[in-house]
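Reader: Hi, I'm new to reading protein structures. Can we go through this one together, bit by bit?

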Amino acid sequence: MNQNPRKLLGKVALVTGASRGIGAAIAKRLAEDGANVAISYANSVAKAESLVQEIEAQGVKSLGFQADQADPVQVENLVKQVAAHFGRLDILVNNAGVLVRGSVGDSAIDTAALDRQWAINVGGVVTAVRTAVPLMGAGGRIISIGSCLGTHSLFSQISDYSGTKAALTGYTRGWARDLGSKGITVNIVQPGSIETDMNPSDTDFAAQQKSFIPLGRYGKPEEIAAVVAFLASPEASYITGATIDVDGGMNA
């Protein structure tokens with residue numbers, strides 16, 4: 001249980017791709033800290049509606065917005081609609097992302113899926129940030145969810161995914177420089193192996209991942225959410241341009 005509740009009281013947060021997994025945990029934690037929370041989702045209407053009800057049960061406002069993160073027009077409209085509905089935007093959490101595996105040079109690789117991965121993991125984040133910045137004031141927070149694989153490609157067939165997450169670290173550092181004078185901080189959290197629908201802990205690939213983790217276990221979505229909540233809080237006002245690994249030591 002959070003020992004310092006409501007430190008985000010009155011703030012408005014948007015968490016993209018938040019109908020499940022890490023995104024849902026982040027949305028619930030920001031709400032626990034007092035923020036009104038908007039979430040976006042691609043297809044999971046029922047899960048999004050259920051999450052909105054959970055968030056509102058904590059005494060804050062919430063609303064779900066359907067948007068395809070690969071479509072810059074939809075992403076731009078999403079950010080503007082959130083700000084218009086809630087009257088402001090203080091915290092942007094770029095969580096939406098996909099993982100497409102494939103080896104370079106493989107003639108059978110689905111290049112359309114790889115292009116869509118780039119559009120979601122990088123293009124959608126860039127559009128969201130560009131749209132959000134004019135709507136944010138001093139004290140604004142931009143937090144992206146990267147991956148420890150953006151620093152080290154520990155496995156085969158993930159080069160394209162690693163490339164998308166590495167791109168976000170570069171953008172984060174650059175945006176931190178651009179926005180420091182506006183009082184807006186920009187940081188990236190790099191999860192390791194986290195127990196989600198996308199990466200369950202009971203597969204052969206999971207066993208391979210655990211061999212790289214000094215703590216010897218998968219992480220929980222709530223452990224990522226705790227770091228995001230800290231970066232969104234007033235206590236993190238002097239942290240910007242940072243890449244924070246939450247990976248059980250995978251990148252040690």
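Author: Let's start with one residue. Q157 is partly exposed, at a relative accessible area of 36%. Buried means under 20% relative accessible area, exposed means over 50%, and partly exposed is in between, using a 1.4 Å probe and protein chains only.

Reader: Where is Q157 found?

Author: Q157 is in the loop between β5, residues 141-145, and α5. Its phi is near 70 degrees, a positive value in a residue other than glycine.

Reader: Before we go on, what kind of model is this?

Author: This is a predicted model, where local features need pLDDT of at least 70, side-chain atom pairs count only at pLDDT 80 or more, and totals for chains, interfaces and linings use all residues. Residues are numbered from 1 along each chain as its sequence is written, and side-chain values use heavy atoms, with hydrogens and water left out.

Reader: Okay, big picture. How many helices and strands does the protein chain have?

Author: The protein chain has 7 helices and 7 strands. These are DSSP runs numbered from the N terminus: helices are H or I with at least four residues, strands are E with at least two. From the N terminus on, the order is β-α-β-α-β-α-β-α-β-α-β-α-α-β. The radius of gyration is 17 Å, close to the 18 Å that the globule rule gives for 252 residues, so the chain is as compact as a globular protein of that length. That radius is taken over C-alpha atoms, and the rule is 2.2 Å times the number of residues to the power 0.38.

Reader: And what box do the C-alpha atoms fill?

Author: Roughly 50 × 40 × 40 Å, taken along the principal axes. Buried residues make up 49% of the 252 residues.

Reader: Back to β5. Is β5 mostly covered or mostly open?

Author: Mostly covered: 5 of its 5 residues are buried. R141, I143 and I145 point one way from β5, and I142 and S144 point the other way.

Reader: Why the two directions?

Author: In a regular strand the side chains alternate between the two faces of the sheet.

Reader: Which strands pair with β5?

Author: Strand β4, residues 91-94, pairs with β5 in the parallel sense over 4 bridges. β5 and β6 also run parallel, joined by 5 bridges. Two strands pair if DSSP finds at least two bridges between them.

Reader: What are the bridge partners of I142?

Author: L92 has I142 as its bridge partner in β5. In β6, the partner of I142 is V186.

Reader: What about the loop between α5 and β6?

Author: G183 lies there. G183 counts as partly exposed, at 30% relative accessibility. Beyond residues up to four places away in sequence, G183 touches A138, G139 and G140. G183 and A138 are 45 residues apart in sequence and 4.4 Å apart in space, C-alpha to C-alpha.

Reader: New topic. Where is V15?

Author: V15 is in strand β1, residues 12-15. V15 counts as buried, at 0% relative accessibility.

Reader: Last one. What share of the chain's contacts is between residues 24 or more positions apart?

Author: They account for 75% of the contacts with a separation of 6 or more.

Terms used. Contact means heavy atoms within 4.5 Å.
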